[in-house]
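The following exercises are to be worked through with the sequence and the structure in view. Each task is followed by a solution in steps.

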Amino acid sequence: MINARDGLTLGLAAPAGSAAVEWRISDTPVPYAEAVTAMEARVAAIVTGQARELVWLLEHPPLYTAGTSADMADLVDARFPVFETGRGGQLTYHGPGQRVAYVMLDLKRRGPDLRRYVASLEEWIIQTLAAFNVRGERREDRIGVWVRRPDKGDGFEDKIAAIGIRVKQWVTLHGMALNVDPDLSHFTGIVPCGVSEQRYGVTSLVDLGIPVTIPEVDMVLRREFAALFGGQTVGSTENKSPGPRSASSASVPGR
């Protein structure tokens with residue numbers, strides 16, 4: 001199937017002279033509600049020009065999130081807390097060993113094009129995977145970044161990363177989740193993103209035989225982000241969350 005997103009222009013660099021994007025890494029799992037509250041506050045500050053754009057890398061304790069188009073019949077076993085969330089998409093899992101990137105960028109300045117933004121997030125993941133000799137691919141009829149699994153059978157593919165975003169006054173919230181070394185059995189409590197066909201599963205870098213750590217992945221994520229969204233980032237590693245909601249918002253299906 002031809003993927004229309006493959007034909008989109010990729011990358012959304014900030015205008016010349018823009019402030020560097022803050023790059024933040026939390027080194028202990030962040031509770032989901034705390035992360036959402038912090039993200040909402042930061043986005044409100046970006047909207048009013050009181051804060052830099054931010055990429056926040058973190059892990060969550062084991063949990064499930066339900067996007068705006070979630071079918072709760074896909075919640076097979078609620079073994080972990082379930083959070084309704086304003087991002088687009090359906091049910092997904094977050095937990096230790098999964099690198100979550102919450103991306104807060106001002107698309108009003110970079111270019112108000114949601115399809116291009118989502119395609120650029122996909123490309124960020126694809127190029128990061130390529131650095132570890134893993135070929136990630138888009139699918140027009142399925143959400144996320146996928147890896148072919150001929151070792152499992154003809155036509156088998158596994159999802160290695162999910163994307164789900166929301167925008168408020170053209171500032172983005174939420175982002176992507178890349179499976180580095182999560183407990184893949186935790187995904188069996190849901191039908192991930194509503195994809196139920198047996199030939200479509202879930203994988204991770206370690207599951208694919210790539211002995212990589214999250215800090216190693218973070219280094220590549222930062223490099224590949226700069227290639228697509230601009231080269232200036234400033235940041236640190238810490239435990240604290242990034243510091244009123246705005247009225248105008250929209251969500252995009254999780255990818």
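**Exercise 1. Residues with positive phi**

At 32% relative accessibility, Trp 170 counts as partly exposed. The model is a predicted one.

Task: State where Trp 170 is placed, what its phi is near, and whether Asn 133 is buried or exposed.

Solution. 
- Step 1. The place of Trp 170 is the loop that joins E8 and E9.
- Step 2. Its class follows from the cut-offs, because buried means under 20% relative accessible area and exposed means over 50%, with partly exposed in between. The 32% of Trp 170 therefore makes this residue partly exposed.
- Step 3. The phi of Trp 170 is near 70°, a positive value in a residue that is not glycine. As background, most residues other than glycine have a negative phi.
- Step 4. Asn 133 also has a positive phi, near 60°, and is likewise a residue other than glycine. Asn 133 is found in the loop between H3 and E7.
- Step 5. Asn 133 has 75% relative accessibility and so counts as exposed.

**Exercise 2. The nonpolar cores**

Task: Identify which residues of the largest nonpolar core touch the most other members, and which elements give two or more residues to this core.

Solution. 
- Step 1. The largest nonpolar core has 38 residues, and those that touch the most other members are Val 103, Tyr 117, Trp 124, Leu 205 and Phe 225.
- Step 2. Two or more residues of this core come from each of the strands E1 (21-26), E2 (54-58), E6 (98-104), E7 (145-148), E8 (157-168) and E9 (171-179), and from each of the helices H3 (114-130) and H4 (214-229).
- Step 3. A second core of 18 residues is separate, and Leu 54, Leu 63, Val 100 and Tyr 102 are among its members.
- Step 4. With neighbours within four places in sequence set aside, Phe 225 is in contact with Val 21, Trp 23, Val 55, Val 103, Leu 105, Trp 124, Gly 230 and Thr 233.

**Exercise 3. The crossing of H3 and H4**

Task: Describe how the axes of H3 and H4 cross, and name the residues that meet.

Solution. 
- Step 1. The two axes come within 9 Å, and their crossing angle is roughly 140°.
- Step 2. H3 and H4 are therefore oblique to each other.
- Step 3. The crossing in which H3 passes H4 is right-handed.
- Step 4. On the H3 side, Tyr 117, Ser 120, Leu 121, Glu 123, Trp 124, Gln 127 and Thr 128 take part; they meet Val 217, Val 220, Leu 221, Glu 224, Phe 225, Leu 228 and Phe 229 of H4.

**Exercise 4. A sheet of three strands**

Task: Give the order of the strands in the open sheet of three strands, and determine which strands stand at the edges.

Solution. 
- Step 1. The order is E4-E3-E5, and the pairing is mixed.
- Step 2. E4 (82-84) and E5 (91-94) each have a single partner strand, so one side of each lacks a neighbour in the sheet and these strands stand at the edges.
- Step 3. From one strand to the next, the twist averages 30°.
- Step 4. E3 (residues 63-66) pairs with E5 in the antiparallel sense over four bridges. Ala 66 has Leu 91 of E5 as its bridge partner, and Thr 65 stands opposite Thr 92 in E5.
- Step 5. E5 is covered on both faces: Leu 91 and Tyr 93 on one side, and Thr 92 and His 94 on the other, are all buried.

Technical notes: Residues numbered from 1 in each chain as written. Predicted model: local features only at pLDDT ≥ 70, side-chain atom pairs only at ≥ 80, totals over all residues. Heavy atoms only, no water. Core = buried A, V, L, I, M, F, W, Y, C linked by side-chain atoms within 4.5 Å. Buried < 20%, exposed > 50% of the residue type's maximum accessible area, 1.4 Å probe, protein only. Contact = heavy atoms within 4.5 Å. Pairing = 2+ DSSP bridges. Axes fitted to C-alpha atoms, helices over the stretch in contact; angles between N-to-C directions. Parallel < 35°, antiparallel > 145°, perpendicular 65-115°, else oblique. Left-handed = near helix turned anticlockwise from the far one by under 90°.
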